[in-house]
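Subject: Structure handover

Hello,

Here is the structure I promised you. Please open it and keep it on screen while you read my notes.

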Amino acid sequence: DGVALHALWLKAPSSRGVLLFWHGNVGSNRRCLRQADQMTGLGYDIFMPDYRGYGKSGGQMEDQDQMYADAQAVYDWLLTNYEADQIVIVGYSLGTGVATYLAQENSPQRLVLVAPYRSMVAMKNLILPVAPALLLKYKLRNDRQLPNSSCPVLIVHGTGDELIPPRHSEYLHRLIPERSELFLLPNVSHRGVIFSGKLRQELARTLR
């Protein structure tokens, strides 16, 4: 619709593909660039888009369909530079809802979910149980989208997560046990998990 989306494209010296990284709800690429630290040096480029209305991206986010359409536009652009089996989708926190949607609609190499939630409906029930689910503008149903994907999935969650309980990741893993791996990091917080060296270890192992 003519709105420009801003992204950072971090190029590896010798690349085997790209990590398409969807950051969390707080901040923009300027603030979230450090979140990519654990993903560098793994032989993959990193592509970090800002959501509509975040950072230097134009416009304002209006609804879930628009959010998903923007994400698909980013993915389609990446396909002009990489093969589908070179694209690894990584989502952190809020970004896991976008990541599972793209995995459902496309055929990436794999999907990595860091501190995911079952859905925004489940999060509403946890935080504001008296509010009707119909009021939710963004349902972000990881629990429905993940089973419709076909790629291998790595799920990483801190047991000390104070925002999204690790049982959300355990539930998602049980939906597709045959093609997912779950790693719970002891005593690691919601924000701590994206900066954890253990996350880097698991990424390096699964990308090898």
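How many of the 11 residues of helix 3 are buried? The count is 9 of 11, so helix 3 is largely enclosed by the rest of the structure. Buried means under 20% relative accessible area, exposed means over 50%, and partly exposed lies in between, using a 1.4 Å probe and protein chains only. Helices (H or I, at least four residues) and strands (E, at least two) are DSSP runs, numbered from the N terminus.

Some ground rules. This is a predicted model, in which local features need pLDDT of at least 70 and side-chain atom pairs count only at pLDDT 80 or more, while totals for chains, interfaces and linings use all residues. Residues are numbered from 1 along each chain as its sequence is written, and side-chain values use heavy atoms, with hydrogens and water left out.

The buried residues of helix 3 are G95, T96, G97, V98, A99, T100, Y101, L102 and A103. Their cover includes strand 2, helix 2, strand 4, strand 5 and helix 5. This cover is judged by contact, meaning heavy atoms within 4.5 Å.

Now look at N106. It sits in the loop between helix 3 and strand 5 (110-114). N106 counts as buried, at 13% relative accessibility. Its side chain makes a polar contact of 2.9 Å with the side chain of Q72. A polar contact is a pair of N or O atoms within 3.5 Å; within protein, one must be able to donate a hydrogen and the other to accept it, and residues adjacent in sequence count only if both atoms are side-chain atoms. A polar atom of the N106 side chain also lies 2.9 Å from the backbone oxygen of L102. Leaving aside neighbours within four places in sequence, N106 is in contact with Q72 and Y75.

**Helix 2**

Both Q72 and Y75 are on the list of buried residues of helix 2.

At the start of helix 2, a side-chain oxygen of D63 comes within 3.3 Å of the backbone nitrogen of D65.

**The cavity**

A search of the whole structure finds 1 cavity of 30 Å³ or more. A cavity is a set of points on a 1 Å grid over the protein atoms alone, where a 1.4 Å probe fits but cannot get out; lining residues have an atom within 4 Å of a point. Grid points are joined across faces, edges and corners, and a volume is the space filled by probe spheres set on the points.

The largest cavity has a volume of about 50 Å³. L5, W22, D50, Y51, R52, M61, M67, D70, A71 and V98 line it. Helix 2 (residues 64-78) gives the largest share of this lining, 3 residues. The lining divides into 7 nonpolar residues, no polar ones and 3 charged ones. Here Ala, Val, Leu, Ile, Met, Phe, Trp, Tyr, Cys and Pro count as nonpolar, Asp, Glu, Lys and Arg as charged, and the others, Gly among them, as polar.

V18 lies in strand 2. It counts as buried, at 0% relative accessibility. V18 and V88 are 70 residues apart along the chain, yet their C-alpha atoms are separated by 6.2 Å.

H157 is in strand 6 (residues 153-158). It is buried too, with a relative accessible area of 0%. The H157 side chain reaches the backbone oxygen of I164 at 2.8 Å.

A115 has a phi near 55°, a positive value in a residue other than glycine. It is buried, with a relative accessible area of 0%. N187 is not a glycine either, and its phi is about 60°. N187 is exposed, with a relative accessible area of 71%.

Best wishes

Key
1 Å grid on protein atoms, 1.4 Å probe; cavity = no way out; pocket = protein on both sides within 12 Å on 5 of 7 lines; lining within 4 Å.
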